[in-house]
Amino acid sequence: MLLILMAAVGENSVIGKGPHALAWRNPTDMARLKRVTSGEAVAVGRHTWESIPKKHRPLSNRLNIVVTSRSAIEPPNTGALLARSLRDAVGIAEEHGHRSLYILGGAQLYAAAMPFATHLDITHVDQALDGDKLLPPIDPTIWALECETPGGKAFRWVRYKRREKHGETPHCD
């Protein structure tokens with residue numbers, strides 16, 4: 001199972017602010033997230049799930065998994081499956097025939113997933129962002145740059161691969 005963290009992060013490691021807000025939004029980046037994760041399994045924490053406008057959830061053409069310790073987040077017909085842990089989310093993705101699981105946030109889920117991730121798919125925003133939610137550090141002794149693609153004037157997409165774990169690598173785009 002490929003475990004891929006996907007996030008937009010500022011130069012100061014900020015990814016969000018408060019319990020429900022992204023620190024940075026860009027239509028081109030959001031379109032890329034949709035394209036890359038289409039047909040895949042995605043996992044988000046409860047706060048991230050609640051931050052997605054109801055009209056956009058579940059995220060279309062994806063297996064949506066919400067990782068939460070709460071017994072319920074909404075009525076069961078939300079279109080998402082509930083997992084009690086990252087391990088449970090991986091199991092759900094595998095049970096549904098997926099070979100990859102994209103972790104889309106928030107900060108707590110990124111922190112839990114980073115030690116087990118095989119790849120990082122990071123939008124590096126070329127400025128410090130306002131916020132209080134941070135992505136764990138990307139340690140260059142653990143993560144090797146796989147490819148880098150310009151995304152726009154003020155950001156770029158970077159794919160990292162874990163140095164000690166080599167497996168199938170999705171293409172960069």
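Mentor: Start with strand β2, residues 14-17, which pairs with β9 in the antiparallel sense over 2 bridges. The model is a predicted one.

Trainee: What makes β2 and β9 a pair?

Mentor: The count between β2 and β9 is 2 bridges, and a pair needs at least two, so the label applies. Within this pairing, Val14 stands opposite Leu134 in β9.

Trainee: Which order do the strands of the open sheet have?

Mentor: The order is β3-β2-β9, an open sheet of 3 strands with antiparallel pairing.

Trainee: Why are β3 and β9 called edge strands?

Mentor: Strands β3 (21-22) and β9 (133-134) each pair on one side only.

Trainee: Next, Ser71. Why is Ser71 called exposed?

Mentor: Its relative accessibility is 66%. Exposed means over 50%, so Ser71 counts as exposed. Ser71 is placed in the loop between β5 (63-67) and β6 (81-83).

Trainee: How do you know what Ser71 touches?

Mentor: Contact means heavy atoms within 4.5 Å. Leaving out residues up to four places away in sequence, Ser71 touches Leu82 and Arg84. From Ser71 to Ala83, the C-alpha to C-alpha separation is 9.9 Å, with the two 12 residues apart in sequence.

Trainee: What lines the largest pocket, by class?

Mentor: The lining has 23 nonpolar, 16 polar and 10 charged residues. The pocket has a volume of about 1200 Å³. Of its 49 lining residues, those closest to the centre are Leu22, Thr48, Ser51, Leu104 and Gly105. Elements that each supply at least two lining residues include β2, α1 (27-37) and β8 (119-125).

Technical notes: Residues numbered from 1 in each chain as written. Predicted model: local features only at pLDDT ≥ 70, side-chain atom pairs only at ≥ 80, totals over all residues. Heavy atoms only, no water. Helix = DSSP H or I, 4+ residues; strand = E, 2+ residues; numbered from the N terminus. Buried < 20%, exposed > 50% of the residue type's maximum accessible area, 1.4 Å probe, protein only. 1 Å grid on protein atoms, 1.4 Å probe; cavity = no way out; pocket = protein on both sides within 12 Å on 5 of 7 lines; lining within 4 Å. Points joined across faces, edges and corners; volume = space filled by probe spheres on them. Nonpolar A, V, L, I, M, F, W, Y, C, P; charged D, E, K, R; others polar.
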